[in-house]
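Me: Show me how to read the features of a model like this one. I would like the general idea each time, and then the case at hand.

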Amino acid sequence: MEQPANPYSSPSANLFGSSSQTSGQVITAEVISQLQRTKPWARLLGVIAWLVVALILVGSVGFLVVILAGFASPNTGGTDNAFLIGMACGYLFISVIYIYPAMKIWGYGSAIKRLMASRSETDLVKALDQQRSLWKFVGIITLILVCLYAIGIGLALTVGVAGAMKGLPTPGQ
């Protein structure tokens with residue numbers, strides 16, 4: 001038996017509208033509120049990520065144009081220009097890598113916006129999937145960089161020890 005409402009209690013209102021139900025799941029107002037509070041930060045990082053991609057692309061293409069037009073180092077041989085072309089291509093590659101997280105951050109913000117409007121479990125799952133795929137990508141890139149750093153440190157130590165061993169006098173000299 002349901003208790004009647006207390007007429008003397010303070011009034012309350014659901015500020016988030018009605019919660020939608022999908023497959024028996026209710027998305028609480030607190031869940032939507034937490035995601036709603038992350039949306040401006042996701043949008044900010046998305047805009048910054050796209051600006052970084054654009055700046056790296058423009059800079060590397062401009063760098064390539066300057067090198068290929070012959071303005072970079074006219075008095076040196078092709079070795080310097082080959083190195084500079086390699087650097088410009090490396091920056092192009094980095095800008096392509098930055099596109100994926102920029103898309104995921106922007107997609108996360110868009111999915112939160114859709115969730116705020118629909119309050120559906122489907123939109124919640126889409127928002128969380130965008131976030132999951134972003135962090136998976138960040139984790140993979142982090143593992144790759146840790147491996148590259150370990151290889152670089154190992155090579156630096158090997159070259160350093162080999163160089164030091166060359167300079168030591170041999171016994172009997």
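**Reading the model, feature by feature**

Me: How many residues line the largest pocket, and which lie nearest its centre?

Reply: The lining of the largest pocket has 20 residues, and nearest its centre are Pro101, Ile105, Leu134, Phe137 and Val138. The general idea is that rolling a probe the size of a water molecule over the atoms shows where empty space is left. A pocket here is an open set of points, on a 1 Å grid over the protein atoms alone, where a 1.4 Å probe fits, with protein on both sides within 12 Å along at least five of seven lines; lining residues have an atom within 4 Å of a point. This is a predicted model, in which local features need pLDDT of at least 70 and side-chain atom pairs count only at pLDDT 80 or more, while totals for chains, interfaces and linings use all residues. Residues are numbered from 1 along each chain as its sequence is written, and side-chain values use heavy atoms, with hydrogens and water left out.

Me: How much space lies in the largest pocket, and which classes of residue make up its lining?

Reply: The largest pocket holds about 460 Å³, a volume being the space filled by probe spheres set on grid points that are joined across faces, edges and corners. Its lining comprises 18 nonpolar and 2 polar residues, with no charged ones. Ala, Val, Leu, Ile, Met, Phe, Trp, Tyr, Cys and Pro count as nonpolar, Asp, Glu, Lys and Arg as charged, and the others, Gly among them, as polar.

Me: Which residues form the largest nonpolar core?

Reply: A nonpolar core is a set of buried Ala, Val, Leu, Ile, Met, Phe, Trp, Tyr and Cys residues joined through side-chain atoms within 4.5 Å. Buried means under 20% relative accessible area, exposed over 50%, and partly exposed in between (1.4 Å probe, protein chains only). The largest core here has 10 residues: Ile27, Ile32, Leu35, Ala42, Tyr108, Ala111, Ile112, Leu115, Leu124 and Ala127. Helix 1 (29-68), helix 2 (78-118) and helix 3 (121-167) each give two or more residues to this core. Helix 2 has the largest share, 4 residues. Not counting residues up to four places away in sequence, Ala127 touches Tyr108, Ala111 and Ile112, a contact being heavy atoms within 4.5 Å. Over the whole chain of 173 residues, 22% count as buried.

Me: Is serine 133 buried or exposed, and what is it in contact with beyond its sequence neighbours?

Reply: Serine 133, in helix 3, counts as buried because its relative accessibility is 7%. Leaving aside neighbours within four places in sequence, serine 133 is in contact with Tyr100 and Lys104. Serine 60 lies in helix 1 and is buried at 3% relative accessibility. With neighbours within four places again left aside, serine 60 contacts Ala88, Tyr91 and Leu92.

Me: How many salt bridges does the structure hold?

Reply: A salt bridge is a side-chain nitrogen of Lys or Arg within 4 Å of a carboxyl oxygen of Asp or Glu. The structure has 1: aspartate 129 pairs with arginine 132, and the closest N and O atoms are 2.7 Å apart. Aspartate 129 is partly exposed at 36%, and arginine 132 is partly exposed at 45%.

Me: What is the phi of arginine 119?

Reply: Most residues other than glycine have a negative phi. Arginine 119, although not a glycine, has a positive phi of about 60°. Arginine 119 sits in the loop between helix 2 and helix 3 and counts as buried at 14% relative accessibility.
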